[in-house]
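Welcome, and thanks for taking a look at this model. Please keep the sequence and the 3D view open side by side as you read.

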Amino acid sequence: MTKLLKSALPFVVAALASPVPDPQLSLPPLIPTIPGITDPIVSTVPPLPVLQVPTPPLVSPPFTGSDIKPKKIGYFWTGAGDNQHADFLATYSLDDDTFGQFIWLTDVPTSGNSPHHLGSSLDGKTLVGGGLLSLLKTQDTAYYFDVSNPYRPAFKKSNRALLASITDEIRAKPDGGFLITYMGSAAGTAPGRLIETNANFDIIGQWPQDVAGQANILADQFSPHGLSVDFDKNIILTSDFVVPLSVLKPSLGTIKANTLRLWSLNSKTIISTITIPNGGGIQDVKFIPGNPESAALATAVHLGQVWIIYPFRFDSNGKQGVAKLLYDLGPKARDTIAIYSDITQDGKYAYFTLTTANHIAALDISDLNNVRRLDDPDSTQPTIGPHYIKVTPDQKHIVVTDYFLQFGDIGIINTPGDYKALYIDILPNGGLSFNRSIDFTTPFSNRGGGKPHSSVVFDLTDPANPKYY
């Protein structure tokens with residue numbers, strides 16, 4: 001028996017012996033790094049259908065960091081363009097006088113993860129980034145970074161859930177842990193899970209765990225991508241997007257969902273399933289800050305529409321949770337592969353990336369009975385393949401990464417992107433002004449370029465009140 005199998009055996013035995021198995025593990029790469037031996041293997045092995053050879057990353061090229069200490073910092077969870085070098089966290093200045101200056105690069109010990117979403121703990125000491133395709137190389141799926149020194153992030157740890165994979169949205173808990181949607185099962189199929197960690201970032205829950213909840217996620221496709229939490233009202237909303245394995249070859253076509261789940265936060269049990277008819281992938285959901293009914297916005301990708309979810313209203317059958325069409329983003333928004341969103345903290349403005357339409361939409365939602373569009377849907381914007389979007393802590397800008405997914409020969413989704421991080425001004429009326437960006441292609445050409453998928457922004461302008469988002 002190999003040393004690797006011996007190390008994994010206790011986890012397997014525990015899982016079989018106990019009805020509630022240890023919900024996580026972290027294993028070393030199946031093929032360890034051997035200088036001069038594994039590098040040629042990484043460079044010559046061909047891509048396989050779905051599962052990939054679990055090779056270690058190539059030796060990382062050197063880089064030159066900076067000693068600047070800006071007040072506004074952007075962290076970008078980035079994939080190596082060649083899928084052979086390590087994926088990494090890139091740290092940049094977002095201050096006006098040093099905007100776009102590179103500060104530091106932090107490798108993770110694996111490659112080919114397809115870095116996905118990135119989130120910060122509430123105390124600003126830890127970031128976690130998910131790997132969308134880590135499963136394909138049998139790697140850990142969540143990567144944690146120590147940012148207690150915000151200018152020198154360090155890799156902290158990684159882990160994987162036993163029942164789920166395909167890491168997506170991340171929300172910080174007040175106790176220091178995280179809630180994270182895992183869109184797929186351990187095999188990349190449905191159902192996925194809502195994963196919970198403690199303050200040490202160990203996985204302590206793979207929800208739902210109750211019998212009724214298990215029945216719920218088996219009855220209707222459960223592929224949770226979007227995640228929003230109202231800690232004051234004790235509710236969670238998750239939105240179901242696609243079955244992950246259905247976007248990888250061989251595929252008969254993407255299996256899209258039309259549903260959201262409303263949860264009790266305290267018990268992590270599902271209250272109800274909310275349906276958006278013919279939604280064709282409900283990629284994102286976010287509570288509207290300050291809304292008296294805890295209403296949330298959800299994006300229906302096939303329809304190109306924004307729906308409003310009322311979690312405390314009841315439908316005609318007495319079921320809790322009601323969905324209503326709020327705004328149709330028009331024909332150019334339909335079937336754009338992805339529609340992701342963010343909302344200003346005053347609840348007045350909402351922004352949506354329309355990936356294959358190369359467009360960012362802006363809505364004035366201050367009056368939900370009279371939503372106004374602030375952008376021209378027919379205009380040409382300086383963006384290619386926009387996806388992840390985040391309103392900065394000072395509410396003056398949005399950060400957008402121009403890259404969604406490129407699976408190459410193994411998948412059916414390969415969206416164009418220009419691999420830039422856009423820093424867009426929010427105008428007084430909520431509209432947008434494009435003027436600055438950070439290029440990830442040339443600076444990381446020795447890794448095949450950089451593919452930035454997501455971001456976290458720190459604002460340290462007021463030392464007594466730092467903000468992390």
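## A loop residue to start with

Let's begin at Thr254, which is found in the loop between strand S14 (235-240) and strand S15 (259-264). Strands here are DSSP runs of E with at least two residues, and helices are runs of H or I with at least four residues, numbered from the N terminus. This is a predicted model, in which local features need pLDDT of at least 70 and side-chain atom pairs count only at pLDDT 80 or more, while totals for chains, interfaces and linings use all residues. Residues are numbered from 1 along each chain as its sequence is written, and side-chain values use heavy atoms, with hydrogens and water left out.

Thr254 counts as partly exposed, at 29% relative accessibility; buried means under 20% relative accessible area, exposed means over 50%, and partly exposed is in between (1.4 Å probe, protein chains only). Not counting residues up to four places away in sequence, Thr254 touches Val242, Ser246, Val247 and Ile412, where contact means heavy atoms within 4.5 Å. Its C-alpha atom is separated by 8.3 Å from that of Pro244, ten residues apart along the chain.

## A buried loop residue

Val301 also sits in a loop, this one between strand S18 (296-300) and strand S19 (305-314). Val301 is buried, with a relative accessible area of 4%. Leaving aside residues up to four places away in sequence, its contacts include Phe241, Gln283, Arg334, Asp335 and Ile337. The C-alpha atoms of Val301 and Ile337 are 6.6 Å apart, although 36 residues separate them along the chain.

Is strand S5 (115-120) enclosed or open? Six of the six residues of S5 are buried, so this strand is largely enclosed by the rest of the structure. S5 runs antiparallel to strand S6 (residues 126-131), and four bridges join them; two strands pair if DSSP finds at least two bridges between them. One of these bridges links Pro115 with Gly131 of S6. Five residues lie between the strands of this hairpin, where Gly124 takes a positive phi near 70°.

Ser455 lies in strand S29 (residues 450-459) and is buried, with a relative accessible area of 1%. Among the residues that Ser455 touches, beyond those up to four places away in sequence, are Tyr75, Leu118 and Lys390.

Strand S27 (residues 420-426) pairs with S28 in the antiparallel sense over seven bridges. Within that pairing, Ile426 has Leu432 of S28 as its bridge partner.

## The largest pocket

The largest pocket has a volume of about 1000 Å³. A pocket is an open set of points on a 1 Å grid over the protein atoms alone, where a 1.4 Å probe fits, with protein on both sides within 12 Å along at least five of seven lines; lining residues have an atom within 4 Å of a point. Grid points are joined across faces, edges and corners, and the volume is the space filled by probe spheres set on the points.

Of the 35 lining residues, Leu122, Arg171, Val229, Gln345 and Tyr469 are the closest to the centre of the largest pocket. Strands that each supply at least two lining residues include S5, strand S9 (164-172) and strand S13 (224-230). S9 gives the largest share, four residues.
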